[in-house]
Amino acid sequence: MAIMVTVKAGLHVCEIIKTLDVGGAEVLLVTRLLAMRSTDKRYTVVCLEASTGELIQRLRSAGIRVVDLTSYPPALRLLGLAAVVRRLRPDVLNLHSPLPAAVIRLTSRLSRPRPALVSTVHNVRYRVPTMLLDRATGWLDACTVAVSPHVARAVVSRGARDLRIRIHGVDVAEQRHAAEDAARTRSAWDVPESAFLIVHVANLRPQKDHETLLQAAATVVARDPRAMFVLTGTGPLHDQVVRHVARLGLDSVRFLGGVPTAARLIAAADLLVLSSAHEGLPVVVMEALAAGVPVVSTRVGGVPDLVEHERNGYLTRPGDPEALAEAILRAMLPANHARLREGARDGADLVDIDQTGAWFEKLYDEVRSR
């Protein structure tokens, strides 16, 4: 169970995150680390668990050390995390998950030299006990980074020390390249040339409100036969979503399950749709805009920070399948779709991960020099 850690010279940044599964916060972290250009820093990522090795492999292939505590008994992972961080002796710690953050803030007080602490807030909601623990220990941070203006305004960010906002972003160049290869991607997934491809990429959890999405999809398909919905994702509601898709009995609504190349599927779409009840700042929205793909989404979380109604997409009320269907049908109209595509392409620079990588490099230098 013991994990051996070697130490090299140079400024050492340790990124702590609860999981390294394919989710929003995890993808933002991995994409940013892969975009780092510095030669005077080295990075270690420590996670409590990972159900797949996809993100871990991407990091390790780029020469970034990953310490995965999945092999630890769940009850001992937080203790294992504290022990690993103590052995790593990082110069800077960036804490991406509130419960591990609270533990590390307290235990790092015993380290000599003491690391500089940064917290990155990805969500707008925590469970009450978690939020109270986060607030009780948050004063130990050097600064806090919110991933969107909405997250910065949320209750979880109140009282944060030296609060800053940084929209993280995605690899814009990679998404633009994927968009250029859209025909091949669509062919690989048996999407007819005449289809208007509408993609929904989300974890299968209650907050994503697949019920609203599927009700809207049934309405759209009935009114415009060009529409083809493709859903991807994994999570606890898998069986429920599969049953609902089967009940619809529509060839134009497909569920693919987990798709490692979901970003390429988004880039090949005509439209990205989200039906979430609440969000932080969805990575899939950034991936869509980077590829010039318009977005129809519920007006939740940080989505309005990126999607401007009637410019690069449409925003609707949460939990309203009729409104979501009407917005999708409006986006499918040729003149509207062309205008929204142009707006999406124009806003791609806002979600460029290269700029975010450089921003964090400077932040780490700053907090370490205090």
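## Ground rules

Buried here means under 20% relative accessible area, exposed over 50%, and partly exposed in between (1.4 Å probe, protein chains only). Helices (H or I, at least four residues) and strands (E, at least two) are DSSP runs, numbered from the N terminus.

This is a predicted model, where local features need pLDDT of at least 70 and side-chain atom pairs count only at pLDDT 80 or more, while totals for chains, interfaces and linings use all residues. Residues are numbered from 1 along each chain as its sequence is written, and side-chain values use heavy atoms, with hydrogens and water left out.

## Helix α14 and its buried side

Let's begin with α14, residues 334-346. Its buried residues are Asn336, His337, Leu340, Arg341, Gly343 and Ala344. They sit on the same side of α14, because they cover an arc of only 165 degrees around the axis (the arc is taken from the directions from the helix axis to the C-beta atoms). An α-helix has 3.6 residues a turn, so residues three or four places apart point the same way. Pro334, Ala335 and Asp346 are exposed, on the face of α14 turned away from the buried side.

What covers those buried residues? Among the elements doing it are β8 (196-201), α12 (283-290), β13 (313-316) and α13 (321-332), with contact meaning heavy atoms within 4.5 Å. The length of α14 checks out too: at 1.5 Å a residue its 13 residues should span 18 Å, which agrees with the 19 Å between its end C-alpha atoms. That expected span is 1.5 Å times one less than the number of residues.

## The six-stranded sheet

β8 and β13 turn up again in an open sheet of 6 strands, ordered β10-β9-β8-β11-β12-β13 with parallel pairing; two strands pair if DSSP finds at least two bridges between them. β10 (253-255) and β13 are the edge strands, each pairing on one side only. From one strand to the next the twist averages 20 degrees. For angles, axes are lines fitted to C-alpha atoms (for helices, over the stretch in contact), and values run from 0 to 180 degrees between N-to-C directions.

Strand β9 (residues 227-232) runs parallel to β10 and is joined to it by 3 bridges, and Val230 stands opposite Arg254 in β10. α12 packs on this sheet, touching β8, β11 (271-274) and β12 (295-298), at about 165 degrees to β11.

## The seven-stranded sheet

Another open sheet has 7 strands in the order β3-β2-β1-β4-β5-β6-β7, again with parallel pairing. Its edges are β3 (65-68) and β7 (163-165), which each pair on one side only. Between β2 (residues 41-49) and β3 there are 4 bridges, and Val45 has Val66 of β3 as its bridge partner.

Two helices lie across these strands. α4 (residues 98-107) lies across β1, β2, β4 and β5 (116-121), at about 155 degrees to β4.

Ser119 is in strand β5 and counts as buried because its relative accessibility is 4%. Its side chain makes a polar contact with that of Asp141 at 2.7 Å. (A polar contact is a pair of N or O atoms within 3.5 Å; within protein, one must be able to donate a hydrogen and the other to accept it, and residues adjacent in sequence count only if both atoms are side-chain atoms.)

Pro115 is in the loop between α4 and β5, and is buried at 10% relative accessible area. Its C-alpha atom is 7.8 Å from that of Arg368, though the two are 253 residues apart along the chain. Beyond its neighbours within four places in sequence, Pro115 contacts Pro90, Asp91, Leu93, Ser108 and Arg368.
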